[in-house]
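The sequence and structure are shown first.

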Amino acid sequence: MTILAIALKYLRGRFVASTLTALSIALGVSLIVANLILARGIKEGFLVGATDYNLLVGAKGSPTQLVLGVVFRMDLATPNIEYTTYQGLQNDPRVETAVPIGIGDAFQGFRYVATNSAYFAPFAWRHKMYSLSAGRFFADDPPDAPTYEAVLGAEAARATGLGVGDRFYEGEEMAEYPLTAVGILRPTHGADDRAIFFSLASYWGMNEVARKLNVAAETQAVLPSGVLLTIFNMMAVAEDVLTMILAIVGIIVLLYVFVSLYSATLERRREIATMRALGARRATVLGIVLIESCALAAVGGVGGLLGGHAVAYFAGALLAKGGLVANPFFLDPLEAAVLASVILLGTLAGLLPAVLAYRTEVAENLAPLS
């Protein structure tokens, strides 16, 4: 019988303890892998979401609020600015394209976004392209003749169950201004999937009173890239704290592996002595215990990789609600390093029990029990 076969036999003999040890390793690795995937996914989600916004012009206030509200629909909308400001930007020769965006209320939690056809236009420099899975885009209505036509993001349509031709409104006060769904966007894998778009004329018609009151004369110009840098710096602090916590978890897992193998070695010292008496060399006994710890670490490590991707998948579904999407199937290059480190450290955790087995004396441990 080979050393590997003997080691596996010992592991099967301690099935419950071996399973719990491998599971504890898997849980620790899952946390590390999920952290890697989600951190990368959040950063990529922010970058992809803000790619098509070179400059945001909005009301005076917090730049972060402006970017989060307009680009990701994650914060309260800033006050509106004068329409003449938009017209001035549109006519500015230094501006290639100016697109108006008005953030309104919501229908069943899906934010209203007022804009015009330029928002969906396929400009050559755009990274995001819009297409319809059903219906058509709403028309650019004249200010005095709103049609109240709406285009729904993919997730908004799925969650609300609305289809082309359906009419809807939120609250009895809006019953006078029902919207009609005329199109449904294909998934963009961003914040637009959870938005409901309609024309500026429809927005003004629905918010006639609020539009006269909630208008800011002063404006600010914000570079989304600068705001993202601030957000990433904040994330870096959180990542450092999380890394410290994960390091502590890793140490606890390694201690658990050590205690488990050490206890198992003490329990079978008589059996090890019998093997030695039958001709097994010390190196063979050492190898058996090391292979056990290596096998437990490998099984737990692989299980942790799969578990980490599973955690990232479900967490990514929650992040998608804010326009941030983590790709749970993305293989981070560090995952291979994590797996190798887990196997190495797990094997080292079994080194002391292996040395204990190596030094087991035949005569002492085969003495008759009193």
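## Basis of the model

The model is predicted: local features require pLDDT of at least 70, side-chain atom pairs count only at pLDDT 80 or more, and totals for chains, interfaces and linings use all residues. Residues are numbered from 1 along each chain as its sequence is written, and side-chain values use heavy atoms, with hydrogens and water left out.

## Nonpolar surface patch

L348 is found in helix 11 (helices, H or I of at least four residues, and strands, E of at least two, are DSSP runs numbered from the N terminus). L348 is partly exposed, with a relative accessible area of 47% (buried is under 20%, exposed over 50%, partly exposed in between, with a 1.4 Å probe and protein chains only).

Together with Y262, L344, L345, L351, L352 and V355, L348 makes a nonpolar surface patch of about 580 Å². Patch residues have over 30% relative accessible area and no salt bridge, and nonpolar side chains (Val, Leu, Ile, Met, Phe, Trp, Tyr) are joined within 5 Å, like charges within 9 Å. A salt bridge places a side-chain nitrogen of Lys or Arg within 4 Å of a carboxyl oxygen of Asp or Glu. Helix 11 (334-349) and helix 12 (351-358) each supply at least two residues of this patch.

## Pockets

On a 1 Å grid over the protein atoms alone, a pocket is an open set of points with protein on both sides within 12 Å along at least five of seven lines, a cavity is a set where a 1.4 Å probe fits but cannot get out, and lining residues have an atom within 4 Å of a point. A volume is the space filled by probe spheres set on the points.

The largest pocket has a volume of about 1100 Å³. Its lining comprises 41 residues, with V57, Y86, V99, P100 and I101 closest to the centre. The second largest pocket has a volume of about 540 Å³, and G28, I32, L246, A247 and V338 lie nearest its centre among 28 lining residues. Helix 8 gives the most to this second lining, with eleven residues.

## Cavities

A search of the whole structure finds three cavities of 30 Å³ or more. The largest cavity holds about 50 Å³ of space, and eleven residues line it, of which G49, V71, K128, A191 and D192 lie nearest its centre.

The second largest cavity has a volume of about 40 Å³. Its lining consists of V48, G49, D52, Y53, Y119, R126, K128, Y130 and D192.

Terms used
Areas by Shrake-Rupley, 256 points an atom, 1.4 Å probe, with all protein chains shown as cover.
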